[in-house]
Amino acid sequence: MQIKSLIFGKILFLFLLLITSSELFVRYILGIGDPILFKSHPTIEYEQLPSQNVQVFHNKIYINSLGMRSDELVFPKQKNIKRILIYGDSVIFGGNLLSDNELATNLLNRKLNKNENNFEIANISSGSWGPGNWLSHINERGLYEADHVLIVINSNDYYDVPKYQSIVNNPRLPYKKPLFASTFLFKRYLLPKLNTLYLKISSNIFSAKEKNYSLIKKNSTIPYERKNSLEDLKKIINILKKNNISVSVIQFWDRNEFKNNKPRSSNLLIRDLLKKNKINVLQSIGHFKSCSFNAKDLYIDNIHPFKPIAQECLANLMKKSLESNPSLEINNKIFD
C-alpha cells in the first residue's frame, strides 16, 4: 500500500511538473497568454477594448483609449495638426505578429513627422473589418475632426459584411485574459489549424456533393446572390463628401493577385465604384513589385503583409497616397 502511494505521488509530481513547465514555456518563452482583448458591439460588430498595453509573441502592442492601434488623439485638435484617419482590416491592424514599431501606420507616422511636420495618424481597424464595420464606426464615433481619410481595402472586403455574432466562443476574439496560457494556445492557435485540416479532408470526401449543389444553384429559378459591401462603401464616401473631408484609397492586392498579376473581379467592382465617385485610388501591385518580386518576402499567407519589407513598403505606399491631397502639404520624398 505504501509502495502504491509512493508511485502515485511520483506520477502526480511528474504530471504537475509537466503542466507547470508547459505553462511557463508557453507564457514566457513563446510569449502567449497576454492577448489583445475585444468586445462585441451592436452595430460595429466587435472592436478592441480601449487602453491596452500587451505583449504577444514578445511583440509590444498598444491600443489607445479610443480602441485604435495608434497613439492617443488630443481633443480639441490643435490648429497646426493635420489628422489622418486610416480605415482597414487585419492588413493594417497587424494582428499579433508585429510590434508597434514595425507597423506600417506607425512607420508612416514617423515618416510624416520626420521634418517637424505635425501629423496625427489614427489606425481604425480590426481583423476582418470591412466597409460595413467602418461605416458603423463612423456613425457611432464620428470622424474625430479629421483632415483626411485613407481607406485600405482588398478584394475580400467586397464580401465582408458584418454578421453580428457573439464573440464569446470565437477564439480569435478573446474578451478576457486566459487563466492558463497553454489552454489559450490550444484554443486560439492549434484548434483552428486542426479545423482547417479537417475541412480540407472533408472537402475532398464531399466534393461530389458540392458539385451537385453547384449545379442545383446554377439551374435554380431562385437567384443566388452573396451580399456585398459596395453600398456601405458608397455611404462612407457620401458622408466624407458632406463633411468636406478629402479621401484617398489603396486597393491592396493579395498574394494570388500579386503572383498572377491579375486582380480579382471584386477588386474591379470596387474600383468601378471609386472611379464613379472620382476617388483617388492607388493599386498596391506596382509598388509592392518594386519592393520585391518574391511573394515570400512580402506575405505570410494569402493576404497579410506581415514582413518587415512589406510593412515598410506599405508605409511608403500610404505616404504616396496621402500626397495626392495638396492640402496636407506632405514632403514629396517618398522613400525617406
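Student: Over the ring of which residue does the charged end of Lys 289 sit?

Tutor: Please keep in mind that this is a predicted model. The charged end of Lys 289 sits over the ring of Phe 258, 4.1 Å from the centre of that ring. A further case involves Arg 83, whose charged end sits over the ring of Phe 75 at 4.7 Å from the ring centre.

Student: Which cluster do ring pairs form with Phe 258?

Tutor: Ring pairs link Phe 258 with Phe 252, Phe 288 and Tyr 299 into a cluster.

Student: How is a pair of aromatic rings described?

Tutor: One gives the distance of the centres and the angle of the planes. In this structure, a search finds seven aromatic pairs. Among them are Tyr 158 and Tyr 159, with ring centres 4.7 Å apart and planes at 90°, so this pair is edge-to-face. Planes over 60 degrees apart receive that description.

Student: What is a disulfide, and how many does the structure contain?

Tutor: In general, a disulfide is a covalent bond between the sulfur atoms of two cysteines. A search of the whole structure finds one. Cys 291 and Cys 313 form this disulfide, with their sulfur atoms 2.1 Å apart. Cys 291 belongs to helix α10 (residues 284–291) and Cys 313 to helix α11 (residues 308–322), so the bond ties together parts 22 residues apart in sequence. The torsion about the S-S bond is about 85°, and the disulfide is therefore right-handed. As for accessibility, Cys 291 is partly exposed at 24%, while Cys 313 is buried at 1%.

Student: How many salt bridges does the structure hold?

Tutor: The structure holds ten salt bridges. One of them joins the side chains of Glu 23 and Arg 27, at 3.3 Å from N to O. These two residues are four residues apart in helix α1 (residues 2–30), and are thus separated by about one helical turn. Glu 23 is buried, with a relative accessible area of 13%; Arg 27 is partly exposed, at 25%.

Student: Which salt bridge links distant parts of the chain?

Tutor: One example is the salt bridge between Asp 34 and Lys 177, at 2.5 Å from N to O. Asp 34 lies in the loop between α1 and β1 (38–41), and Lys 177 in the loop between β7 (148–154) and α5 (181–205), 143 residues apart. Asp 34 is partly exposed, at 27%, and Lys 177 is also partly exposed, at 38%.

Student: Where do Arg 141 and Glu 47 lie?

Tutor: These residues form a salt bridge whose closest N and O atoms are 2.9 Å apart. Arg 141 is in helix α4 (residues 131–141) and Glu 47 in strand β2 (residues 45–48), so the pair ties together parts that are 94 residues apart in sequence. Arg 141 is partly exposed, at 30%, whereas Glu 47 is buried, at 4%. Salt bridges that share partners join both residues and Lys 39 into one network.

Conventions. Residues are numbered from 1 along each chain as its sequence is written. This is a predicted model: local features need pLDDT of at least 70, side-chain atom pairs count only at pLDDT 80 or more; totals for chains, interfaces and linings use all residues. Side-chain values use heavy atoms; hydrogens and water are left out. A disulfide is a pair of cysteine sulfur atoms within 2.5 Å. Buried means under 20% relative accessible area, exposed over 50%, partly exposed in between (1.4 Å probe, protein chains only). A salt bridge is a side-chain nitrogen of Lys or Arg within 4 Å of a carboxyl oxygen of Asp or Glu. Rings of Phe, Tyr and Trp (its six-membered ring) pair if their centres lie within 6.5 Å; planes under 30 degrees apart count as stacked, over 60 as edge-to-face and the rest as tilted. A charge sits over a ring if NZ of Lys or CZ of Arg is within 6 Å of the ring centre and within 35 degrees of the ring normal.
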